[in-house]
Amino acid sequence: MIPLNYYLILSGILFAIGTAGIFLRRNLITMLLSVEIMLNAVNLTFVAVGRYRGTVDGQIITFFVMTVAAAEAAVGLALVISLFRHRETLSPDAFTALKW
Amino acid sequence: MDVNALAFYVFAAITILASLGVVGQRNPMYSVMLLITSFGALAGLYVLLDAPFTAVTQIIIYAGAIMVLFLFVVMLLNVPREEPGLPGVLGALGTRGMQIGAVLSLVLGIEIVWALSRVGLGWFGQDAAATSVSSVTLIGKSLFTRHAFAFEATSILILVAMVGAVVIARRER
């Protein structure tokens, strides 16, 4: 059986990749996709730890995370559409109206 | 090497490579497609973890619903490709701030991997590998009894998100 550490390390790598995506990409849609990668890394941790503890709680939390991800995607994409309508671009550098 | 270990390495490699592809190139269309690949491999990992119901949910909800939503928006907006960064090898990474961010996230990754590699099973209680967690009956019972409040709160959350998305994306006149 695969040790738990392998799953945890894999999910850590995925989380770091998602963080790098937030920093590296200048495109609101790809940044949202990076957030999804990070959410999935956390999901993998929950399922793996739940499996090794022998409870279903990890999977149940995963379902709640998926629900929150769906809500986040819906609202986030609505925001993206609304922003694109105003500025005709998706670069986050274009939206500085709240910058002091 | 037994079949389980081989499957783990294959799925893990697909997940990591596809995720790197998502953040590594400039066309959002390809990013969405690669992310669907990554989620498929993650579903395979869930099967290895004795969680087939979660694997199916992952494919239906994530790859099926959420990613289609992303795909819709990418096609609807007809997003232009990202502008290239500064010239030079480092310039491919983008501006100075983005390079610092990339280094910081690399450091974060090394830290997380270092910390997690020393976590043992003892930190999470007994190794109950004999207990099966794959039963949908168990999941349903736990979801509707112990986690009933969170379940109901989730329905409110979805309602709020739905109304919010409609209000935000509406064309004001």
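From the N terminus on, chain B runs α-α-α-α-α-α. That is six helices and zero strands; helices (H or I, at least four residues) and strands (E, at least two) are DSSP runs, numbered from the N terminus.

Some ground rules. This is a predicted model, where local features need pLDDT of at least 70, side-chain atom pairs count only at pLDDT 80 or more, and totals for chains, interfaces and linings use all residues. Residues are numbered from 1 along each chain as its sequence is written, and chains are lettered from A and ligands numbered from 1 in the order in which they are written.

Of the 173 residues in chain B, 24% are buried (20 or more other C-beta atoms within 10 Å of a residue's own, with C-beta atoms placed from the backbone).

Now the contact (C-beta atoms, placed from the backbone, within 7 Å). Chain B supplies 70 residues and chain A supplies 61. On the chain B side, α3(B) gives the most, with 11 residues. By class, that side has 50 nonpolar, 17 polar and three charged residues. Nonpolar means Ala, Val, Leu, Ile, Met, Phe, Trp, Tyr, Cys and Pro; charged means Asp, Glu, Lys and Arg; the others, Gly among them, are polar.

Over to α3(A). What do its buried residues pack against? They pack against α2 (28-53) of chain A, together with α3, α5 and α6 of chain B. Among those buried are A:F63, A:M66 and A:L77. After α3(A) comes A:E88, with a positive phi near 60°.

Terms used: A residue is buried if 20 or more other C-beta atoms lie within 10 Å of its own, exposed if 12 or fewer, and partly exposed in between; C-beta atoms are placed from the backbone. Two residues are in contact if their C-beta atoms, placed from the backbone, lie within 7 Å.
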